[in-house]
Amino acid sequence: MHRVTLIPGDGIGPEVAEAARRVVDATGVKIEWEEAVAGEAAMAAYGTPLPDETVEQIRRTGVALKAPITTPVGEGFRSVNVGLRKALDLYCNLRPTRSRPGVPVPYHNVDIVIFRENTEDLYAGIERMIDENTAEAVKRITRQASHRIARAAYEYARKEGRKKVTIGHKANIMKLADGLFLNACREVAEEYPEIETEDAIVDALCMRLVMRPSHYDVLLLPNLYGDILSDLCAGLTGGLGLAPGANLGEGAAVFEAVHGSAPKYAGLNKANPTALILSATLMLRHLGEHEAAARIDRAVDTCLARGQTTYDLGGPLGTAEMADAIIAAL
Ligand code: NAD
């Protein structure tokens with residue numbers, strides 16, 4: 001029996017969370033789900049979007065499946081997602097993306113895994129107003145954080161038989177901050193001579209990813225570029241409805257889709273649950289349940305190939321029906 005914290009989130013969150021929970025339960029893997037709140041629901045009940053109880057609960061179980069949470073833009077509380085990554089030191093954001101059958105996209109040979117540093121860079125939220133017309137944000141990069149994300153990427157590459165790591169940066173302009181990230185990653189790369197290392201300036205990398213995605217294998221990126229390129233790579237393989245992710249630290253792991261809470265689709269039974277379901281397969285692998293993860297993966301491919309999908313991929317199904325189809329294909 002595994003104990004897992006489930007955060008239903010808001011917007012489309014509760015619907016995709018329920019779909020993912022049902023699919024995982026249908027594999028027969030015994031999971032005791034412990035629900036926890038965050039975001040607007042927590043704000044109402046606890047006066048904070050990220051209650052200590054929620055963080056403590058994830059520390060206890062060590063594993064959470066988290067649906068998306070809305071972050072107010074330009075005002076209001078800070079991102080719960082960023083807060084959770086900081087509180088639990090979830091320094092490694094793993095985002096795999098691969099071509100799947102039946103998905104209407106131009107490329108069918110994409111298989112890229114993104115390793116995004118998850119704790120610093122412009123995301124550290126060090127911002128201030130100099131005067132009412134001038135704002136400043138600090139881009140903070142440390143050798144220690146760059147080393148550990150690089151090590152996570154190279155260890156993964158070695159374990160999974162991946163051939164190449166591409167380090168993305170803008171060290172030609174941000175010579176100190178991005179230069180440090182690049183140098184720190186190269187230092188780690190030296191310990192993995194069997195894996196090819198290349199680096200790429202992030203704007204050129206975007207263009208080449210769109211023109212020749214099959215060239216890329218593992219991408220190693222600082223926080224902000226990692227965030228942006230995750231969505232770009234999701235677009236190469238069918239969009240946000242199919243893009244899973246994991247936030248990994250030493251003591252805890254939080255699994256969540258790349259997509260957000262898509263508020264305009266909330267409560268409509270429209271959103272594609274596959275991204276969170278595939279995030280749950282990453283969770284099952286983390287728990288050592290490889291067979292169940294592989295079965296869900298195959299069932300998802302079967303449904304996609306049959307056109308049993310939601311609106312975003314041109315299919316006729318709602319969120320709950322797509323979960324039903326995946327369960328039937330298991
Ligand atoms: P979003 O990912 O929520 O939605 C962008 C668009 O992508 C949607 O309008 C929809 O067309 C499509 N989309 C997203 N998920 C989909 C799904 N499962 N099925 C089908 N189509 C889907 O991005 P946004 O609109 O920029 O952000 C909305 C809110 O989500 C914001 O408050 C943002 O801060 C938050 N957010 C949260 C997380 C998280 O919880 N990890 C991540 C990203 C954004």
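Author: Contact here means heavy atoms within 4.5 Å. By that cut-off, and not counting residues up to four places away in sequence, His-2 touches Val-29, Lys-30, Ile-31, Glu-32, Leu-287 and Glu-289. This is a predicted model, where local features need pLDDT of at least 70 and side-chain atom pairs count only at pLDDT 80 or more, while totals for chains, interfaces and linings use all residues. Residues are numbered from 1 along each chain as its sequence is written, and side-chain values use heavy atoms, with hydrogens and water left out.

Reader: Why is His-2 called buried?

Author: Buried means under 20% relative accessible area, exposed means over 50%, and partly exposed is in between, using a 1.4 Å probe and protein chains only. His-2 comes out at 19% relative accessibility, so it counts as buried.

Reader: And what makes the pairing of His-2 with Glu-289 a polar contact?

Author: The term needs a pair of N or O atoms within 3.5 Å; within protein, one must be able to donate a hydrogen and the other to accept it, and residues adjacent in sequence count only if both atoms are side-chain atoms. The side chains of His-2 and Glu-289 are joined at 2.7 Å. As for its element, His-2 lies in strand β1, residues 2-7; strands (E, at least two residues) and helices (H or I, at least four) are DSSP runs, numbered from the N terminus.

Reader: What makes Gln-57 buried?

Author: Its relative accessibility is 10%, so Gln-57 counts as buried. Gln-57 lies in helix α3, residues 52-61, and touches Thr-5, Glu-34, Glu-35 and Ala-36, again not counting residues up to four places away in sequence.

Reader: How do you know that Thr-319 is buried or exposed?

Author: Thr-319 has 1% relative accessibility, so buried is the word. Thr-319 sits in helix α11, residues 319-329. Leaving aside neighbours within four places in sequence, its contacts include Glu-15, Val-16, Ala-19 and Pro-273. The side chain of Thr-319 also reaches the backbone oxygen of Ala-271 at 2.7 Å and the backbone nitrogen of Lys-270 at 3.3 Å. Glu-18 is 301 residues away from Thr-319 along the chain, yet their C-alpha atoms are separated by 9.5 Å.

Reader: Which residues are closest to the ligand?

Author: Ile-69, Thr-71, Gly-260, Ala-262 and Asn-272 are the closest of the 21 residues that surround the ligand. A residue is near a molecule or strand if one of its heavy atoms lies within 4 Å of it.
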